[in-house]
Amino acid sequence: MWAHKINLFAYDEEGKLFVQSYFTKSSPCKQCTVKLLDANQKELLAFATDDEGKASAKLPSAEFDIIVEAGMGHQTQTHYVAQSHTKEEAKVLPSDTPLDKMLLGLVIIVFFFGVLYWIKRKPRHA
Amino acid sequence: MKVLLASIVCASSLFAHFQTVMTDKSVIEQGGNTKVSIQYEFTHPFEQQLMDMQKPKEAGVFMEGKKTSLLSSLQAVEKNKLHTWKSEYAIKEPGVYQFYVDPVPYFEPAEEKFIRHQTKTIVDAFGSGEGWDKPIGLKAEIIPLSRPYSLYAGNLFSAQVLYKGKPVPNAEVEVEFYNTKGLKAPNEMYITQVYKADKNGVFHVALPTDGWWGFAALMDDDEKIKKDGKSYPVELGAVLWLKTEAMK
């Protein structure tokens, strides 16, 4: 069991984080707690591994720490930089939200009628 | 005078030939670069005197019972007009990876024999910790009894010599340091260290400095190779390379 050293293998694909934790390859860290922490060590997400020592979750941000706890003070921690986390996933653009689209539509309508009103009013001043 | 000169030349050319397989890293950790660069040379490691190496018969990586050929990805690297080879392998999952090469047998005219060194080195990815003591299944192979990566300079290294999967009693094992430090041997006897295995083919070697160490268990193969109508014996070598690090 190599002095109960916990090992961690993590990768991400298409915005999803995959974690595998084990003592040795054939000895998985079963039902172990996985925590994702931000730069201030605030917990972003917590979940557990399955009986194969595997777990997955949606990427909470582009960078974070991963902690795997196996009880009795045994844990491992690593800083993780995601490869498949995009800015679009991190920050949804305003024009993509339905509310903002509605507001934009209203502004366009008001602008259109404003221009129309200004054109029609002009001859009266002349 | 001519006889004396010939003797001196002969004596100074008795360095051991070693096939090498060396990687740019022996341990891969989470967050690190997972691409492994592998270099293959036929050389005199302590003297750093290269020999020409043909494209090998086989080169690959062994992980959890499965061999993957790297032969098609091999690229020739010319050094002093002599060929060495390199390849790369991207590791994608935890495991112990054994990089191996089976070279084209080299004919040594001075000894009237062919030399064939089946060679490997071992890399751990993400703390897998299992499989470094598993045979690849080479005809001649050294099986580590000490974990062959993450060794300190000064550690004792133990291993077992196999031929066709069985221990080789009293196998003779040559050991050389891949001397990129410019170390000078007190005399030529120090260049190649020689050890004898016990009746189970087990040997033990202390590794006094940090860097790459090569172990070559040499044996007479049961096959001969024909050249110019004549049959020549084959010196079959089970070769293992490992890297020690300084304890700081």
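Local features are described at pLDDT of at least 70 and side-chain atom pairs at 80 or more, whereas totals for chains, interfaces and linings use all residues. Residues are numbered from 1 along each chain as its sequence is written, with chains lettered from A and ligands numbered from 1 in the order in which they are written.

One stretch of chain A calls for some care: over residues 89-97, pLDDT stays under 50. Where pLDDT is low, the predicted coordinates should not be read in detail.

Chain A comprises two helices and eight strands, taken as DSSP runs numbered from the N terminus (helices: H or I, at least four residues; strands: E, at least two). Along the sequence, their pattern is β-β-β-β-β-β-β-β-α-α.

Four of the strands of chain A form an open antiparallel sheet in the order S5-S4-S7-S8, where pairing requires at least two DSSP bridges between two strands. Strand S5 (43-48) and strand S8 (75-81) of chain A are the edge strands, each pairing on one side only. Within this sheet, seven bridges join strand S7 (residues 63-69) of chain A to the antiparallel S8(A). A:Glu69 stands opposite A:Gln75 in S8(A).

Turning to the partner chain, the contact takes 12 residues from chain A and nine from chain B, two residues being in contact if their C-beta atoms, placed from the backbone, lie within 7 Å.

Conventions
pLDDT = per-residue confidence, 0-100.
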